[in-house]
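Thanks for coming, everyone. I'd like to walk you through one model today, going from a single side chain out to the strands and helices around it. Have a look at it first.

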Amino acid sequence: MRVLSTFPPHRVLRYRYRIGERGWEELLATLKSHDHRGAIVGDDGRGKTALLEDLLGRISGNGFRFRGVALSPGERRLDDDQHEILFASLQPSDFLWVDGADALSRLSWLRVRRESRPAAGLVVTASREGLLPTLYRWSAEAYVLSEIVRDATGEGT
């Protein structure tokens, strides 16, 4: 039996998240169908931020200018700097992202939604559904974990 600490880093790092059967084409089509607004939803530590980063990378060639903030669990509102980053001189080509949006109070979230309307898009990560249409929902299915371990160890191939 192999121990996780002996995995070569390149084998472990390729599992930032698992998109599964839906694939990138469906995720991008869903984003487009919701006017480039949506949420990546799942429990902490499931790879939401990594998926957000890769999603932004995949749509970067569409003329968007990305602006975003990452919130900590205790941040109930945007501070002045975060507000400036997101909304100062907002243009129709700006694509906004908020990592950890469900940390915001209801009032702060409604303000973000309202002020983001002129932007080309808004994608958030959250641990619960309901902020925006769900683009992707993480599930902790055992077969995915076993598939990752089998692939990373080279066993079963």
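Before I point at anything, one term: by a polar contact I mean a pair of N or O atoms within 3.5 Å, where within protein one must be able to donate a hydrogen and the other to accept it, and where residues adjacent in sequence count only if both atoms are side-chain atoms. Also, this is a predicted model, so local features need pLDDT of at least 70 and side-chain atom pairs count only at pLDDT 80 or more, while totals for chains, interfaces and linings use all residues. Residues are numbered from 1 along each chain as its sequence is written, and side-chain values use heavy atoms, with hydrogens and water left out.

Okay, let's begin with Arg37. Its side chain has a polar atom 2.8 Å from the backbone oxygen of Ala119. There's also the backbone oxygen of Asp35, which lies 3.1 Å from a polar atom of that Arg37 side chain.

For the record, buried means under 20% relative accessible area, exposed means over 50%, and partly exposed is in between, with a 1.4 Å probe and protein chains only. If we skip neighbours within four places in sequence, the contacts of Arg37 include Leu31, Ser116, Arg117, Gly121 and Leu135; contact here is heavy atoms within 4.5 Å. Trp97 is 60 residues away from Arg37 along the chain, yet their C-alpha atoms are separated by 9.5 Å.

Arg37 lies in strand β1, which brings us to the sheet. Strands (E, at least two residues) and helices (H or I, at least four) are DSSP runs, numbered from the N terminus. Two strands pair if DSSP finds at least two bridges between them. β1 and β4 run parallel, joined by 5 bridges, and Val41 has Ala126 as its bridge partner in β4. β3 pairs with β4 as well, again parallel, over 5 bridges; there, Leu96 partners Leu122 of β4. Getting from β3 to β4, the chain goes through helix α5, residues 106–115, in a right-handed β-α-β crossover. Right-handed means that, with the strands pointing away from the viewer, the path from the first strand over the helix to the second runs clockwise.

How many residues of β4 are buried? 6 of the 6, so the strand is largely enclosed by the rest of the structure. Gly121, Val123 and Thr125 point one way, Leu122, Val124 and Ala126 the other, and all are buried.

Now the helices. In α5, Ser108, Trp109, Val112 and Glu115 are the buried ones. They line one face of the helix, because down the axis they fall within an arc of 135°, an arc being that of the directions from the helix axis to the C-beta atoms. That face packs against α4 (80–87) and β4. Over on the other side of α5, Arg106 and Leu107 are exposed.

α2, residues 23–33, has Gly23, Trp24, Leu27, Thr30 and Leu31 buried. Why do they sit on the same side of α2? Because they cover an arc of only 145° around the axis. As a reminder, an α-helix has 3.6 residues a turn, so residues three or four places apart point the same way. The cover over the buried residues of α2 includes β1 (37–41), α3 (48–59), β3 (94–99), β4 (121–126) and β5 (134–137). Glu25, Lys32 and Ser33 are exposed on the other side of α2.

Last topic, charges. The structure holds 5 salt bridges, each being a side-chain nitrogen of Lys or Arg within 4 Å of a carboxyl oxygen of Asp or Glu. Arg65, Arg67 and Asp94 are linked in a network of them. Asp94 to Arg65 has its closest N and O atoms 2.6 Å apart. With Asp94 in strand β3 and Arg65 in strand β2 (residues 65–70), the pair ties together parts 29 residues apart in sequence. Arg67 meets Asp94 at 2.7 Å, N to O. Asp94 is buried at 0% relative accessible area, Arg67 counts as buried at 9%, and Arg65 is partly exposed at 43%.

Happy to go back to any of that.
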